[in-house]
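Give each task a go before reading its solution.

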Amino acid sequence: MRISILTLFPEMFDGFMNTSIIKKARLKELVQMEAVDIREFTDDRHRRVDEYPFGGGQGMIMKCQPVLDCVDSLRTENSRVLLMGPTGRRFDQAMAHELVQEQHLILLCGHYEGLDARIREFVDDEVSIGDYVLTGGEIAAMVISDAVTRLVDGVITEQSHLDESFENGLLEYPQYTRPADYKGHRVPEVLLSGHHEKIRQFRLKESLRLTLRVRPDLLKNRVWTLEEQRLMEEVLQEENVLPDEKTVE
Ligand code: SAM
């Protein structure tokens with residue numbers, strides 16, 4: 001997979017691309033990633049990439065010409081062009097799975113007060129990473145490329161992401177490491193037992209408990225297995241959740 005990130009601040013990606021899993025995925029040539037400087041595409045002799053908004057108002061707006069010439073220089077029939085923007089479709093794990101199917105992602109980062117609205121007519125989608133306003137699309141592009149890279153075959157083991165939060169519609173169970181007793185705070189005994197089946201059930205139950213406490217919305221349309229129903233009944237009793245408070249049908 002190839003990920004091209006179009007930005008006015010390519011230097012922001014130096015650390016990102018050369019650290020941890022992203023670095024490994026690039027070195028193993030599982031993912032090809034590049035930060036492309038939009039300013040290199042301006043035809044303005046002062047290298048301007050932004051202008052005042054028509055109609056007045058605060059801040060500067062990124063111009064169509066350098067942005068779209070930059071997109072055109074990279075786009076092929078296998079590219080999907082995503083504009084980073086708070087008014088876009090909300091990014092989540094399901095969308096990360098959708099995007100990892102693509103051969104080439106072009107992530108376009110706005111900055112300043114945003115981009116000329118006509119640029120939207122030339123992209124495939126606008127994507128938001130959440131209901132807040134960032135200074136630029138660079139951090140959003142990092143979020144999306146990180147989440148997608150983890151899902152590329154061979155980047156991490158399949159088992160490690162199958163257990164992760166959101167993969168099976170639940171939050172991940174709590175994890176512990178040595179020491180078994182930290183200042184009187186003990187690791188749950190079952191995890192020290194070596195009994196794989198009991199550990200699996202414990203983890204599933206704690207995963208259900210955490211999801212119920214923190215993200216009950218994730219449970220709304222869940223298709224439950226019999227085991228999950230049984231464990232959830234136990235959780236509801238232990239948590240003293242009244243039947244009419246249940247999000248579980
Ligand atoms: N004036 C715009 C508005 O109110 O919708 C916000 C512009 S923001 C300061 C500059 C750039 O940051 C945007 O063009 C976009 O690329 C990026 N950005 C800001 N918030 C974002 C978010 N939640 N998700 C994705 N990109 C975002």
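Predicted model: local features only at pLDDT ≥ 70, side-chain atom pairs only at ≥ 80, totals over all residues.

**Exercise 1.** Work out in which sense strand E5 and E7 pair, and over how many bridges.

*Solution.* Start with E5, which covers residues 79-90; strands here are DSSP E runs of at least two residues and helices are H or I runs of at least four, both numbered from the N terminus. E5 and E7 pair in the parallel sense over five bridges, where pairing requires that DSSP finds at least two bridges between two strands.

Residues are numbered from 1 along each chain as its sequence is written, and side-chain values use heavy atoms, with hydrogens and water left out.

**Exercise 2.** Find the strand order of the open sheet, then its edges.

*Solution.* Reading across the five strands gives E2-E1-E6-E5-E7, with parallel pairing. Strand E2 (32-37) and strand E7 (125-128) each pair on one side only, which makes them the edge strands. From one strand to the next, the twist averages 30°.

**Exercise 3.** Which strands does helix H5 lie across?

*Solution.* Trace H5 through residues 138-151: this helix lies across strand E1 (2-7), E2, E5, strand E6 (104-108) and E7. Next, compare directions: H5 runs at about 175° to E1 (axes are lines fitted to C-alpha atoms, for helices over the stretch in contact, with angles from 0 to 180 degrees between N-to-C directions; contact means heavy atoms within 4.5 Å).

**Exercise 4.** Identify the element that gives the most residues to the largest nonpolar core.

*Solution.* This core has 31 residues; a nonpolar core joins buried Ala, Val, Leu, Ile, Met, Phe, Trp, Tyr and Cys residues through side-chain atoms within 4.5 Å, buried being under 20% relative accessible area with a 1.4 Å probe, protein chains only. H5 gives the most, with seven residues. Ile144 and Phe91 are among the residues with the most contacts inside the core. Not counting residues up to four places away in sequence, phenylalanine 91 touches several residues, including Leu99, Val127, Val143 and Ile144.

**Exercise 5.** What share of the chain is buried?

*Solution.* Buried residues make up 41% of the 249 residues. For the overall extent, the C-alpha atoms fill a box of roughly 70 × 45 × 40 Å along the principal axes.

Terms used. Buried < 20%, exposed > 50% of the residue type's maximum accessible area, 1.4 Å probe, protein only.
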